[in-house]
Each structure stands twice: as C-alpha cells, then as structure tokens.
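Trainee: Could we go through this model together? I would like to begin with the backbone and then turn to packing and pockets.

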Amino acid sequence: MWIDTHCHLDAPEFAADYEEVAARARALGVTTLIIPAVTADTFAAVDHCAATVPGAYPAYGLHPLYLDRAGPDDLLRLEQQLAASRQGPRPAVAVGEIGLDGYIPAWADPAARERQEQFFVAQLELARQFNLPVLLHVRRAVDTVLKHLRRHPVPGGIAHAFNGSQQQAEQFIQLGFKLGFGGTLTYSGSTRIRHLAATLPLDALVLETDAPDIPPAFAPQGPNLPEYLPRYGAVLAELRGIGVEEVAAATSWNGREVFGI
C-alpha cells in the first residue's frame with residue numbers, strides 16, 4: 001500500500017471528479033492521501049474532501065504564495081480550524097502547507113520577505129501548540145527555513161518537494177524531518193534530486209504527488225494525479241536498486257510515522 005503525503009485533492013482541477021480521482025488511485029494501492037490547505041478559504045473544501053474520501057486526511061495552513069490574500073484574522077481562523085478539527089471524525093494530521101518561497105520576485109522586497117517569515121513563525125507556533133508536524137513549502141529559502149525550525153522546534157514533518165543540497169537534507173533529517181519526492185524523480189535531467197533520492201537513508205524519504213502540480217515526465221502536460229504515485233515508487237526503487245515492495249513498505253511506514261496514522 002502507498003501513502004501520498006501531499007495531494008491537493010481540493011484543487012479546482014478536481015472539483016468535478018475528486019472522488020473518482022481518489023478511487024482510481026485507491027485501486028492502484030494508494031490507500032492514504034494527505035490533503036493540505038493553502039488558504040483559509042480552502043479549509044472547508046479540504047475538510048469536505050477528507051470527510052468524503054476513504055483514507056484521506058486533512059492538513060490546514062497558509063501557503064506563502066497566497067499570503068497576498070491573507071490577513072491577521074486568517075491566523076485566528078487557522079487556530080480555530082485546528083481546534084475544531086480535533087472534535088471531528090478526521091482530525092488534522094499536520095499544519096500545512098506552510099513555509100517560505102524565495103523564488104517569487106516579491107521575496108526581494110524586505111517587507112514582503114518579513115511578512116512571509118512572520119506568518120511562517122506564527123504557524124510553527126501553532127504546530128507546537130497543537131503538537132502537530134508541519135508540511136513545508138521550501139523554495140530557494142532552505143537555510144532560512146532551517147533557521148526558524150531551530151528557533152521554533154516542531155514535532156517533525158516533511159520538507160515537501162525537496163530540492164536542496166545533501167548538507168541541507170542532512171540538517172532536515174537531524175531535526176526529525178522526512179523529505180518528500182515525487183514527479184521530479186521521473187525526469188532524467190533531475191540529476192541532483194535523483195542522486196539524493198538514491199543515496200539518502202530510506203527511512204528519511206516519503207513519496208508525494210503534489211497533484212495537480214509537478215506533473216511527471218510521462219504526462220508532462222498534467223494534471224498530476226495521485227494514481228501516478230506507484231510509478232514514482234518504481235522509479236525510486238530503480239534508483240536505489242531495491243524492490244518496489246520495499247519502497248512501498250518503507251515510504252508508507254515513514255509517512256504514517258510523521259502523521260501518527
């Protein structure tokens with residue numbers, strides 16, 4: 001069985017058929033999906049998907065790329081959502097998707113960068129408050145994210161779509177994090193990421209699709225789909241020279257360990 005540790009099943013691309021999308025993945029052995037929110041306005045959709053799809057679990061957070069839509073009250077909405085989730089049939093398994101994005105032009109503006117960091121730190125504190133792991137968006141900001149994680153320790157989590165260096169990977173692992181790999185593995189040109197996936201400890205790796213984003217080499221026009229996850233697992237097995245069954249067992253165990261499910 002497989003666990004997709006990062007799947008935006010609530011995305012507009014799946015609005016008409018999200019249950020069918022999840023069912024196709026389930027038929028191929030992807031029995032667990034983690035659905036992270038990206039804005040406060042998506043909390044309800046994530047909650048609905050998690051409640052109606054077998055094996056789906058919600059995570060709630062404020063994504064750095066959407067902070068232009070966020071206000072101070074959204075942090076309060078997030079805290080309230082996390083608290084209310086504890087009383088529901090599918091409590092939140094993580095705070096996410098949260099993090100920092102140094103790729104966008106706004107990152108060059110000190111005020112915008114500071115705002116990202118303020119929201120990130122506030123959400124790390126909520127993760128500590130609710131004793132939840134975090135799902136991290138980290139793009140061209142790895143060292144800054146690591147700095148804040150050292151200052152504001154959380155109960156582990158996943159560095160989603162990891163694309164840092166070997167040294168940065170080791171620092172995440174030392175802080176109790178797993179590293180997420182997905183569609184990028186399928187591109188032969190992704191030599192650094194494929195090398196990391198092949199050589200890092202297997203107990204530090206999880207698989208993800210980030211559906212509908214980051215489509216694979218075999219379906220580059222997208223959307224990415226959770227049913228592709230076993231194919232990512234097969235690529236990882238080939239890179240490491242081990243069996244697919246071992247990859248499925250290890251990455252699923254790793255994911256369940258992060259989320260406590």
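Trainee: Which residue takes a positive phi just after α8?

Mentor: Gly241 does, with phi at about 70°. Helices (H or I, at least four residues) and strands (E, at least two) are DSSP runs, numbered from the N terminus. Please bear in mind that the model is predicted, so that local features need pLDDT of at least 70 and side-chain atom pairs count only at pLDDT 80 or more, while totals for chains, interfaces and linings use all residues. Residues are numbered from 1 along each chain as its sequence is written, and side-chain values use heavy atoms, with hydrogens and water left out.

Trainee: How far does α8 reach from its first C-alpha to its last?

Mentor: The twelve residues of α8 reach 17 Å, close to the 16 Å expected at 1.5 Å a residue. The expected span is 1.5 Å times one less than the number of residues.

Trainee: Which residues of α8 are buried?

Mentor: They are Leu229, Pro230, Tyr232, Gly233, Val235, Leu236 and Ala237. Buried means under 20% relative accessible area, exposed means over 50%, and partly exposed lies in between (1.4 Å probe, protein chains only). An α-helix has 3.6 residues a turn, so residues three or four places apart point the same way.

Trainee: What do the buried residues of α8 pack against?

Mentor: Their partners are β1 (2-4), β2 (30-36), α7 (191-199), β8 and α9 (244-259). Contact here means heavy atoms within 4.5 Å.

Trainee: Let us take Tyr232. Why does Tyr232 count as buried?

Mentor: Tyr232 is buried because its relative accessible area is 0%.

Mentor: Thr209 sits in the loop between β8 and α8. Thr209 counts as buried because its relative accessibility is 1%. Not counting residues up to four places away in sequence, Thr209 touches Asp4, His6, Cys7, Ile214, Asn224, Leu225, Pro226, Leu229 and Tyr232.

Trainee: Moving on to peptide geometry, which residues does a cis peptide bond join, with omega about 10°?

Mentor: That bond joins Ala211 and Pro212. Pro212 lies in the loop between β8 (205-207) and α8 (229-240). Another cis peptide bond joins Gly96 and Glu97, with omega about 20°. Glu97 belongs to strand β4 (residues 94-101).

Trainee: What is phi near for Asn131?

Mentor: Phi of Asn131 is near 55°, a positive value in a residue other than glycine. Asn131 is in the loop between α4 and β5, and counts as exposed because its relative accessibility is 57%.

Trainee: And what about the phi of Ala161?

Mentor: Phi of Ala161 is near 50°, again a positive value in a residue other than glycine. Ala161 lies in the loop between β6 (157-160) and α6 (166-174). Ala161 counts as partly exposed because its relative accessibility is 25%.

Trainee: Now the pocket, please. How much space lies in the largest pocket?

Mentor: The largest pocket holds about 680 Å³. On a 1 Å grid over the protein atoms alone, a pocket is an open set of points where a 1.4 Å probe fits, with protein on both sides within 12 Å along at least five of seven lines; lining residues have an atom within 4 Å of a point. Grid points are joined across faces, edges and corners, and the volume is the space filled by probe spheres set on the points.

Trainee: Which lining residues are the closest to its centre?

Mentor: Of the 32 residues that line the largest pocket, the closest to its centre are His63, Glu97, His160, Asp210 and Asp213. The largest share of the lining, three residues, comes from β5.

Trainee: How does the lining divide by class?

Mentor: The lining has twelve nonpolar, twelve polar and eight charged residues. Ala, Val, Leu, Ile, Met, Phe, Trp, Tyr, Cys and Pro count as nonpolar, Asp, Glu, Lys and Arg as charged, and the others, Gly among them, as polar.

Trainee: Finally, the core. How many residues has the largest nonpolar core?

Mentor: The largest nonpolar core has 73 residues, and those with the most contacts inside it are Leu9, Leu82, Val134, Leu136, Phe172 and Phe181. Such a core is a set of buried Ala, Val, Leu, Ile, Met, Phe, Trp, Tyr and Cys residues joined through side-chain atoms within 4.5 Å. Helix α4 (residues 110-130) gives the largest share of this core, six residues.

Trainee: What does Leu136 touch?

Mentor: Not counting residues up to four places away in sequence, Leu136 touches residues including Ile98, Phe120, Val145, His160 and Phe172. A second, separate core of eleven residues includes Ala59, Val93, Leu135 and Phe259.
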